[in-house]
Amino acid sequence: MKAGKILTYVGATIFTLYFLVPLYLLFLIAFSPAKFTLEALYPSLILKQFTLNNLIYAFTQYDFISPFLKSFFVASLVGILAIVLGVPAGYGLSRLPSRLAYGIIVLLLITNMVPGLIVAIPISVEFIKLHLFDSIPGLALVQELVTLPLAVFILQGTFSAVPREIEYQAKMDGASTFSFLTDVLMPVALPGIVTAFLISWMFSWDEFTYAILLSPIHPTLPVEIYLNIERGNELAAVAFSLVFTIPVIVLTLILQKYLKGEYLAGGVKY
């Protein structure tokens, strides 16, 4: 076997372990008695005894449903808004000259370079006046500041890949702009649209900075996990984290065919 191929396999193995080991440790702590993990001087790295007591204790003693539902509704709203606003924006940019579209996208992405802490504090003041503080719509609107530019970037690349000839042909056949968008363009661009929704949903699902500053009274699940760690309830935090990862894994498995480089890259042609 050539040295280059061996290095590729070694690199792929290290890369895989880098992501899988934390997940393995999460499962290990969740399903092992605490005396073998959190309470042990030298925690075991293998499962010595299986138990569900940690999960039962966490879900019966601490509030899980409210933070979980709030995270779910906020993430879903963020994903929907990213598509509703991102589709027309991405389509419009795809029909602009490439250099102009590139400049606009760069300006949109610059908003992601501003630290969330700096943005969140003045927004919190305004949201208190507008009664959006600690609410699902308020948090979703703020998280949209980050996800919408990414969604527009992905959708602009998706629509740019659709040949103009299809649009011209549809209009020659008598299709209106609306019917062209709904009957022709949207089905063709569906993989990119699903990718934009998935990326937006996942970002919101584990977003922390805006959530802890704009929704401290009724926290989302990431904030609730953090608060349990701060209070010394590590087993509750582990149990919540375990359930917290399940929707992401399920969504990724179901929609993995859309998570391809060409959809994630977006792209502007020069």
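Predicted model: local features only at pLDDT ≥ 70, side-chain atom pairs only at ≥ 80, totals over all residues.
The side of domain 1 that touches domain 2 consists of 8 nonpolar residues, with no polar and no charged residues. The rule for salt bridges likewise gives a count of 0 across the interface of the two domains.

**The two domains**

The domain assignment places residues 1-50 in domain 1 and residues 61-263 in domain 2. Contact between them involves 8 residues from domain 1 and 7 residues from domain 2. The centres of domain 1 and domain 2, taken over C-alpha atoms, lie 31 Å apart. Together the two domains bury about 620 Å², and carbon and sulfur atoms account for 95% of this area.

Glutamine 49 belongs to the loop between α1 (3-30) and α2 (53-61). Which residues does glutamine 49 touch, not counting residues up to four places away in sequence? They are Phe31, Ser32, Pro33, Lys35 and Phe36. From glutamine 49 to leucine 28 there are 21 residues in sequence, and the distance in space is 9.8 Å from C-alpha to C-alpha.

Most residues other than glycine have a negative phi. Histidine 131, which is not a glycine, has a positive phi near 60°. Aspartate 134 is not a glycine either, and its phi is positive at about 60°. Histidine 131 lies in the loop between α5 (116-130) and α6 (136-160), and aspartate 134 is placed in the loop between α5 and α6.

| Residue | Relative accessible area | Class |
|---|---|---|
| Glutamine 49 | 40% | partly exposed |
| Histidine 131 | 70% | exposed |
| Aspartate 134 | 12% | buried |

Why is histidine 131 classed as exposed? Its relative accessible area is 70%, and the class of exposed residues begins over 50%. Aspartate 134 counts as buried because its value of 12% is under 20%. Glutamine 49, at 40%, falls in between these two limits and is therefore partly exposed.

Notes:
Residues numbered from 1 in each chain as written. Heavy atoms only, no water. Domains from an automatic or database assignment. Contact = heavy atoms within 4.5 Å. Buried area = accessible area lost by both parts, 1.4 Å probe. Salt bridge = Lys/Arg side-chain N within 4 Å of Asp/Glu carboxyl O. Nonpolar A, V, L, I, M, F, W, Y, C, P; charged D, E, K, R; others polar. Helix = DSSP H or I, 4+ residues; strand = E, 2+ residues; numbered from the N terminus. Buried < 20%, exposed > 50% of the residue type's maximum accessible area, 1.4 Å probe, protein only.
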